[in-house]
Amino acid sequence: MNSFHLILRYFSASLRSQLQYPGSAIMLGIGAFLTTIIDMLAAWALFDRFGQVQGWSLGHIAVFYGVVSTSFALTDFFTRGFDVFGGECVKTGAFDRILLRPRSPALQLVGYEFRLSRFGRLAQALLVLFVGAAVVGVAWSPDKALLLVWTIAGGVALFTGLLVLQASFAFWTTESLEVFNVLTYGGIQAAQFPLSLYAAWFRNFLIFVVPLGCVAYYPVLAILEQPDPLGAPDWWLPTAPAMGFLFLAASFLAWRAGIARYTSTGS
Amino acid sequence: MPQILVEDLAKTYRVAERDPGLLGAVKGLVHRRHRTVQALRDVSFSLEAGELLGFIGPNGAGKSTTIKILSGILKPDAGTVLVNGRVPFTDRIAHVSKIGVVFGQRTQLWWDLPVSEGFDLLADIYRVEPARYRANRDELVALLRLERVLDQPVRQLSLGQRMRAEIAAALLHEPDILFLDEPTIGLDAPSKLAVREVVRRLNRERGVTVLLTTHDMHDIEALAQRVIVIGHGQVLADSPFETLRANVLAERRLVVDFAHEAPEIVMAGVEVRRRQGQTLELAFDPARTPTPNLIAALAAAHEVVDIHVGEPAIEEVIARFYDLHGAGEA
């Protein structure tokens, strides 16, 4: 059985475990839908007061937010294993069991749980994305649909990279570092506004350190058919999501170093 | 070449120490003090295919470290380890597909899934060919009497049922070597007997090599032909259990019921271990005081109702052995 089939088998097993408590999964899903709606209410309150900010309207914000939040919701389905890795695997020694199986540890962590309740967040994110796109009058074409898929794929790679990095640190700290939530949840908040609104240092952070801007701001400009007010070349806008994959690759270097440390220290 | 070869194994841990309390935690961030713990100093032994080896020692002696190194989870600092001709930690994936490991304290099944679905998933993880998997599963289910629990979620099983399911789970991929880390811990008497019976049959009938750690000396008595005692990270003894007993505590026990109040016994080389009403328990060395002579002397001097000859309990043998080597709890 190849790795892809095995992941599907893990997911179906995980879904069956969760469906033993269907009420819980449904309530968590609805809860996620409602709480993430609040994100948009905050932006709505802001734009209701000021109308536009540097030429950006609430509709634009909705598209930025929808793209990045969709990426995160998709990532959240299959990364729980990395999220809870420190507390539930390193600290308890459960990672030993993962090493005892003839499969890559990362694959087994992806199979750790498929979080059904994330449908709530995904539904909200897609709703905001497409309503926003309709309001600002995005003319969808096959090219743009493809660009959207590519953008979201880059975003999934980036958020996965953040979670892999968070898990890698747990090899040293044996705790899951909650501080990474600043980058994931905080990142969604930051990436919903156009980079041009931010100070230069923060912009650079979102481009070069944790490249959230590359999986939201730049490609969304291409979808909106707007040039970058900061002057990035047009070819860069649809290319930028590749940075998400670079970030993921770099995270796996840290992950490998962490595993090497674990097998030589046993904790 | 032996199936498991361990030579001059050494392993040191660096344990971070920190002062208690919030201040200690903050100080720990800035400057960490480390204490080194020598888990293994110089461990060597080898195991042929089909052997059943008991691995005993006080807590902290190095048993778990050795098992972790043998199963490829941990890298030693020095020494050679070869299992089936492979170095476990460099060839992890090939290595772990040929071994089975059961940790008594941890589950490898999925808590909310029925046992049978956990088995199916493990078969996929280990890439067991479907027809072979079905044959193995059916055989193990019959051997471990799991028919009644197959459809139950793991969380609903009793500890004894779960341990039997764990052992089956560790064997679905037909490993040649089985590591059992305290497989009877916390089990009730019938479950312990069932686990021992299964381990014995796997070893005899399927030729599975078994390496077992335990604190329950009855496991050792019931199963192991050979015992390795480990203490302070070193092999203190490696022999059949009877040899260990003869070397450590060669004494016999004689329990005598007298017709009247138990008398005072003053005889060279005989020691009173227990006195209770009309009963005495005597300890003696059969090499110095032959058993028939002792019995004859007792029967001649006193009115004796019953006599029972025994050996010291295995726990006593081991406790004495640890004492001799200063290997109490580390």
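Guide: One term before we start: two strands pair if DSSP finds at least two bridges between them. Helices (H or I, at least four residues) and strands (E, at least two) are DSSP runs, numbered from the N terminus.
Visitor: Okay, and what am I looking at?
Guide: This is a predicted model, where local features need pLDDT of at least 70, side-chain atom pairs count only at pLDDT 80 or more, and totals for chains, interfaces and linings use all residues. Residues are numbered from 1 along each chain as its sequence is written, while chains are lettered from A and ligands numbered from 1 in the order in which they are written.
Visitor: How many bridges join E8 and E9 of chain B?
Guide: There are 6, between strand E8 (residues 226–231) of chain B and strand E9 (residues 234–240) of chain B, and the two run antiparallel. B:Val227 sits opposite B:Ser239 in E9(B).
Visitor: What about the hairpin of E8(B) and E9(B)?
Guide: It has 2 residues between the strands, and B:His232 takes a positive phi near 50 degrees there.
Visitor: What does chain B have overall?
Guide: Chain B has 11 helices and 13 strands. Its C-alpha trace spans about 75 × 55 × 50 Å along its principal axes.
Visitor: Pick a residue for me. Is B:Ile167 buried or exposed?
Guide: B:Ile167 is buried, because 23 other C-beta atoms lie within 10 Å. The cut-offs are 20 or more other C-beta atoms within 10 Å of its own for buried, 12 or fewer for exposed, and partly exposed in between, with C-beta atoms placed from the backbone. B:Ile167 is found in helix H6 (residues 159–171) of chain B.
Visitor: Which residues is B:Ile167 in contact with?
Guide: Leaving aside neighbours within four places in sequence, B:Ile167 is in contact with B:Val102, B:Leu144, B:Val195 and B:Val198. Contact here has C-beta atoms, placed from the backbone, within 7 Å.
Visitor: Switching topic: how many residues does chain A bring to the contact with chain B?
Guide: Chain A brings 18 residues and chain B brings 24. On chain A, helix H1 (3–18), helix H6 (94–99) and H14 each supply at least two residues of that side. H1(A) gives the largest share, 5 residues.
Visitor: And at what angle do H9 and H14 of chain A pack?
Guide: Helix H9 (residues 142–173) of chain A and helix H14 (residues 242–265) of chain A pack at about 20 degrees, with their axes 8 Å apart. That makes H9(A) roughly parallel to H14(A). Angles under 35 degrees count as roughly parallel, over 145 as roughly antiparallel, 65 to 115 as roughly perpendicular and the rest as oblique. Axes are lines fitted to C-alpha atoms, for helices over the stretch in contact, and angles run from 0 to 180 degrees between N-to-C directions.

Notes:
Contact = placed C-beta atoms within 7 Å.
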